[in-house]
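The exercises below are meant to be worked with the sequence and the model side by side. Try each task before reading its solution.

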Amino acid sequence: MAGAPTVSLPELRSLLASGRARLFDVRSREEAAAGTIPGALNIPVSELESALQMEPAAFQALNSAEKPKLEDEHLIFFCQMGKRGLQATQLARDLGYTGACHYAGAYREWLEKDA
């Protein structure tokens, strides 16, 4: 599991401000409904592999968002504490998403820093 690229909170803020990041909240739908980082797409980690292997039109229909491309940069995965986000990042990288990164601080840090 080690070796997945990570982004820090300042890097995340910079990427979001410039519109260069796509955020994926891999927590459960209930967790995400209670609050998430603005602009994040919620795909629970248990559904991520099948979602990333869908045809683009099916992904769009299910998630109301464009499917990420394998070559997209700054696909950032996060969860509540870090473990599921790391798992999701590794999964995406294993599927060929070379720009997959892990926001290790997770939603917990985002809330603490009042971003």
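**Exercise 1.** What is the relative accessible area of R84, and is R84 buried or partly exposed?

Solution. The model is a predicted one, in which local features need pLDDT of at least 70 and side-chain atom pairs count only at pLDDT 80 or more, while totals for chains, interfaces and linings use all residues. Residues are numbered from 1 along each chain as its sequence is written, and side-chain values use heavy atoms, with hydrogens and water left out. Begin with the classes: buried means under 20% relative accessible area, exposed means over 50%, and partly exposed lies in between (1.4 Å probe, protein chains only). R84 has a relative accessible area of 26%, so R84 is partly exposed.

**Exercise 2.** How many salt bridges does the structure hold? Describe the setting of those formed by R29 and R27.

Solution. The structure holds 4 salt bridges. In one of them R29 pairs with E47, with 2.5 Å between the closest N and O atoms; this pair also joins distant parts of the chain, with R29 in helix α2 (residues 29-33) and E47 in helix α3 (residues 45-52), 18 residues apart. R29 is partly exposed at 40% relative accessible area, and E47 is partly exposed at 32%. R27 forms a salt bridge with D25, where the closest N and O atoms are 2.7 Å apart, and both R27 and D25 are buried.

**Exercise 3.** In what order do the strands lie in the sheet?

Solution. The 5 strands form an open sheet with parallel pairing, in the order β1-β5-β4-β2-β3, where two strands pair if DSSP finds at least two bridges between them. The edge strands, β1 (6-7) and β3 (41-42), each pair on one side only. Strand β2 (residues 22-25) pairs with β3 over 2 bridges, and F24 stands opposite L41 in β3.

Technical notes. A salt bridge is a side-chain nitrogen of Lys or Arg within 4 Å of a carboxyl oxygen of Asp or Glu. Helices (H or I, at least four residues) and strands (E, at least two) are DSSP runs, numbered from the N terminus.
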